[in-house]
Amino acid sequence: MADILIAAILTIITAATPLVYAALGEMITEKSGVLNLGVEGMILVGAVAGFATIHSTGSAALAIFAGLAAGALLASVFALLVLGFQATQVATGLALTIFGIGVSALVGQDLVGIAYDGLPKISIPLLSSIPVIGPLLFQHDILVYGSFALVFLVAWFLKNTRPGLVLRAVGNSHDAAHAIGYPVIRIRYMAILFGGAMAGLAGAYLSLAYSPLWIENMSAGRGWIALALVVFATWRPWRVFFGAYLFGGITIFQLHAQAFGVGVPAQIMSMLPYLATIVVLVIISRDINKIKLNAPMCIGKPFHPTA
Amino acid sequence: MESAFGALSKTMPHDQTRMMPPLLQLQGMTKSFPGVLANEAVDLEVMEGEIHALLGENGAGKSTLVKMIYGILKPDAGVMSWKNAPVNIQNPAVARALGIVMVFQHFSLFDSMSVLENIALGVERGTDKSELENRIVEISNRYGLPLDPGRHVYTLSVGERQRIEIIRCLLQNPKLLVMDEPTSVLTPQEVTKLFETLNRLSEEGVAILYISHKLNEIKALCRKATILRNGKVVASVEVESETPQSLAAKMMGEALQAPSARHHRKAGEVRLEIDGLHNTATDQFSISLKDIRLKVQSGEIVGIAGVAGNGQDELLRAINGEEMCQPADAIQINHQPCANQGPNQRRGLGMASIPEERLGYGAVPAMNLLQNTLLTAFQRLGLVKAGFVDNRRCKSFCLGILESFNVTSSGVLAEAGSLSGGNLQKFIVGREINQTPSVLVVSQPTWGVDAGAAQTIHHALHKLAENGTAILVISQDLDELMGLCDRIAAICSGTLTRAAPVSEITIEQIGMMMAGIENPGTEKSQDVCQPG
């Protein structure tokens, strides 16, 4: 029984990890006051870049970096459009997703059907041999460890560092931040790039570890779940992290429920993350203070520096 | 005019000028925006430790000038010197490095952050949090600016928010403090306190560039004044040798019209009666209205004074029908109970209302003037017949507004958003007044409009009252209320005071009413409100 439970939890971790990356990245982007709806597209680009790199070079490190860079590259297009040319964020983000789906399918044409062993697991000496806790926490690949570190880093960055404070300030009121003398555009540029890089990592995890192969549109809506997750977590990093595990858990539960023949249609199960987000949105909307305290007030608003 | 100014500064014997160069010197500052020359060859000198007034009407170019000094706007031409050395202030960081700090008219604060975080954002990096907290407490004690570093900005009053800005500036050991209309949001008592702080800073050698159009304040606070009109310097004077009247004449450039006489008006029957109006706040950012009682008679203008955010918005919404309340007879228009009815029903009873916010509230920016006319006038004027718009009558009514209120626009098809603030306000006021309502509720009728437009609007309100309309004016501008109203009440945290006749009340007493001190005029409270 314990073995089954451990196995189940391990699959939840693998389901949650890409969500952690993509959602934390998007959260940083949104904290700076920019809504990037292109997460799904950036994940796919990261996935195909990662898989193509491992296929041609065999280097996991290079592949991970390629995923990260591809996500950031696509995000830089978005940044140029919305910051440089003042394009509408919502429309540009949607276009980015559609573009990402298309370009990843095009690039990945020849990669379909090739398999890869998956990222090597790194067992931490001593700790990994502890029963139950060992296999749960200390026998993962580098990207899972990285996702643990990332949530600590992001939370610490936002709460305790000056750049984190400035980032929140820019998202809170870009006019005020500009008046005090902070470079709003540059800060947003960096936040968007970070968001893209993390989405790229999420993609790399999907094609290198979660199911090590490439298929068209393999992100299967995870980008949208990540977007929902940020709102669900009311822009707080630890809530994003636990939310990712909750949503990851639901995904896994849905798979197992199908396998055990539970009489709930699969479609209903796949609705659950979105339903949960809607419910949470309704609940937090009732308390304006909660939103005021953590939500970036300037989200989605274009910034005209001369005004 | 400019040559006169040049001669003035040469002949003025000024010991300090000879001994040390001016702290800040501007020569020929020019800045144009599409269609407007906001500043034209402006010269200005500020000495160390001097409180220097920058005087001018709305739109005279004061804010543009200081934004260039602070590096937010780039001048098209002109030279800035700091302690006799030419400087190029490209951005606010450069200005701050020189020692120039600025308190904005609209605060640059972050609502959802704490006082400490807000201040930390404005000071140099590398300052330790607890050390910063100590310095905040020290400065707030030294200058009498009490402030709790841990509170979130959205929970603070406007006066407290301004303190954050001031402390943020003082932490940087400034040489020049620029204040853009700092008192427009303060009670008279808070103004007195602010002036004490500013005088103290001046004694310590900090120069202050004080922007205002309030003459009494400038008389009370400043030593020198530079007066701007239409983007040009029209005079640079020693304040001591001027009277408020002479300053006003220079600022306005034309003889001031005496306030319209009120004696033509005769108060008639009660048109608007508010009797025990309660309204519970829906969230912590709004104010609960508590037992509001007020009667406005026909031919009478009643004013409601108050510091922003004390329930004015909520009161306006309750009266014009945006918020409905119970019981129905808490609000009566022409003796018809209507507190539970919406805006259109109330308009049907004879009410019109003008909100504070012009764009997106008083008018739809992306719609043309014709459409905006239709939006509030369709009912009273019968501009819609069997579901169809009577375009001809709508157009003639709209043209009538543009003509009688002298609205400068490209015609009835001009988008509301394309009009300047003053013109749009004239249009909105005209649209409501020309419907000859029997009750008119208006909030901040002349907020942010130039003196000419303000005069037109005031004149129209007087005339409307003479013709028997009951008018309720909500405003933060006490001078405006004193000039317009027959009676004035004050609102403070959702409670409305008795409306006192203007002939029996002073500005100081209104100030105390605004601060929530009841029974103005009693001997005991006299010492609270000595003007600075």
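R392(B), S396(B) and E403(B) are the exposed residues on the face of α14(B) turned away from its buried side. The model is predicted.

## The buried face

Five residues of α14(B) are buried: C394(B), F397(B), C398(B), I401(B) and L402(B). Viewed down the axis of α14(B), the buried residues fall within an arc of 140°, so they line one face of the helix. An α-helix has 3.6 residues a turn, so residues three or four places apart point the same way.

What do the buried residues of α14(B) pack against? Their partners, also in chain B, are α13 (369-377), β18 (388-389) and α15 (421-433).

## Length and end of the helix

Helix α14 of chain B covers residues 391-404, which is 14 residues. At 1.5 Å a residue, counted as one less than the number of residues, α14(B) should span 20 Å.

After α14(B) comes N406(B). The phi of N406(B) is positive, near 60°.

## Where chain B touches chain A

The contact draws 20 residues from chain B and 16 residues from chain A. On the chain B side, the elements that give two or more residues are α4 (92-98) and α5 (115-122). Which element gives the most to this side? It is α5(B), with four residues.

By residue type, the side of chain B that touches chain A divides into ten nonpolar, five polar and five charged residues.

How values were computed
Residues are numbered from 1 along each chain as its sequence is written. Chains are lettered from A and ligands numbered from 1 in the order in which they are written. This is a predicted model: local features need pLDDT of at least 70, side-chain atom pairs count only at pLDDT 80 or more; totals for chains, interfaces and linings use all residues. Two residues are in contact if their C-beta atoms, placed from the backbone, lie within 7 Å. Ala, Val, Leu, Ile, Met, Phe, Trp, Tyr, Cys and Pro count as nonpolar, Asp, Glu, Lys and Arg as charged, and the others, Gly among them, as polar. A residue is buried if 20 or more other C-beta atoms lie within 10 Å of its own, exposed if 12 or fewer, and partly exposed in between; C-beta atoms are placed from the backbone. The arc is that of the directions from the helix axis to the C-beta atoms.
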